[in-house]
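The sequence and the model are shown first.

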Amino acid sequence: MDQNGIEGSEPIVTADSEEPNEKPTTEQHHEAPSDNQQLSPRDEKYYQNAKEYWAKISPTVDGMLGGFGQISFTDVRGSDQFLKNLFKLKPAPGRTLALDCGAGIGRVSKNLLMPFFERVDLVEQDEHFCQTAERELRPSGRLGKVYNVGLQDFRSEEDGRYDVIWSQWVLGHLTDDDIVDFFFRCTKALKRNGMMIIKENFTNADKPELDRQDSSVTRPLALMKRLLTKGNLRLVKEQRQKDFPKGLYPVYMLALRPIIKS
């Protein structure tokens, strides 16, 4: 894709909020929240604990992937194949501008999204991760704006801005109410024929499983689909990630479009 004509530097946009980045997780040592532990619509302690956890993590691929840096190639290869198939759909999403949610240091943007799109915006709550992404990705000429803000507080600058919104290994850090609100905002931020893709861990258990270490939950796939419907999103394509090491949660990619386009 020709890089000529792409604008230069964009500012890092900051806000005081908390939303961690990506991390695959093993199926060990996780508990389901009890009835009195269900997350409130805006559980600030829950978000603050997650922010403090990620502030201690090294801004490297291995840090982003929770010590599983070796799976990055396999992860990107699976995502690449999935995205290529989406571009074969009619109508297909455009390739002008994508949004990387919970972007961390920009691993997904660099290895997956930038080869497809003219420009990629990033959303990431950790300031140091944003600085690393800015430093590493700005020379590519394809980095758009870097929003230093949590997904629970992120608002697109305009409706109909993005061809594709990619969200990976981050939605477990949002409460159910916040995730539904986030989905609604994403449907408004998509262009005509735009798509949202989520790539997440899912538990085979009947209830969400809580990880107290990084303040996140792993949801059953059926629950996520209910939340997506509440958030005005319908499933277009579903695929399980292949060739990950044994012991990790199942990882699925879900391609989505608005049920009702505003």
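A residue is called buried when its relative accessible area is under 20%. By that criterion, both faces of β10 are covered: Val251, Met253, Ala255 and Arg257 point one way, Tyr252, Leu254, Leu256 and Pro258 point the other way, and all are buried. The count for the strand is thus 8 of 8 residues.

The model is predicted. Its mean pLDDT is 88, and 84% of the residues in the chain reach 70 or more. Over residues 28-38, however, the pLDDT is below 50, and this stretch has 19 contacts in the model beyond near neighbours in sequence.

**Pairing of β10**

Strand β10 is joined to β6 and to β9 (residues 233-240), as set out below.

| Strand paired with β10 | Bridges | Direction | A bridge pair |
|---|---|---|---|
| β6 | 6 | antiparallel | Lys199 with Met253 |
| β9 | 7 | antiparallel | Arg234 with Arg257 |

**Nonpolar cores**

The largest nonpolar core holds 36 residues, of which Ile165, Leu171, Phe182, Phe183 and Met196 touch the most other members. At least two residues of this core come from each of α1 (44-55), β2 (97-101), β5 (162-168), α6 (176-189), β6 (190-201), α7 (221-230) and β10 (251-258). Helix α6 supplies the largest share, 6 residues. Phe183 touches Leu171, Met196, Met224, Leu227, Leu228, Gly231 and Leu233, with residues up to four places away in sequence left out of the count. Apart from this core lies another, of 26 residues, including Val76, Met114, Met195 and Ala255.

**Helix α6**

The buried residues of α6 are Asp178, Ile179, Val180, Phe182, Phe183, Arg185, Cys186, Thr187 and Ala189. An α-helix has 3.6 residues a turn, so residues three or four places apart point the same way. The length of α6 agrees with expectation, because its 14 residues at 1.5 Å a residue should span 20 Å and its end C-alpha atoms are 20 Å apart.

**Arg142**

Is Arg142 buried or exposed? Its relative accessibility is 6%, so Arg142 counts as buried. This residue is found in the loop between α5 (127-137) and β4 (143-148). A polar atom of the Arg142 side chain lies 3.4 Å from the backbone oxygen of Met114, and Met114 is among the residues of the 26-residue core.

Note on methods. Residues numbered from 1 in each chain as written. Predicted model: local features only at pLDDT ≥ 70, side-chain atom pairs only at ≥ 80, totals over all residues. Heavy atoms only, no water. Helix = DSSP H or I, 4+ residues; strand = E, 2+ residues; numbered from the N terminus. Buried < 20%, exposed > 50% of the residue type's maximum accessible area, 1.4 Å probe, protein only. Polar contact = N/O pair within 3.5 Å; in protein donor to acceptor, adjacent residues only side chain to side chain. pLDDT = per-residue confidence, 0-100. Contact = heavy atoms within 4.5 Å. Core = buried A, V, L, I, M, F, W, Y, C linked by side-chain atoms within 4.5 Å. Expected span 1.5 Å × (residues − 1). Pairing = 2+ DSSP bridges.
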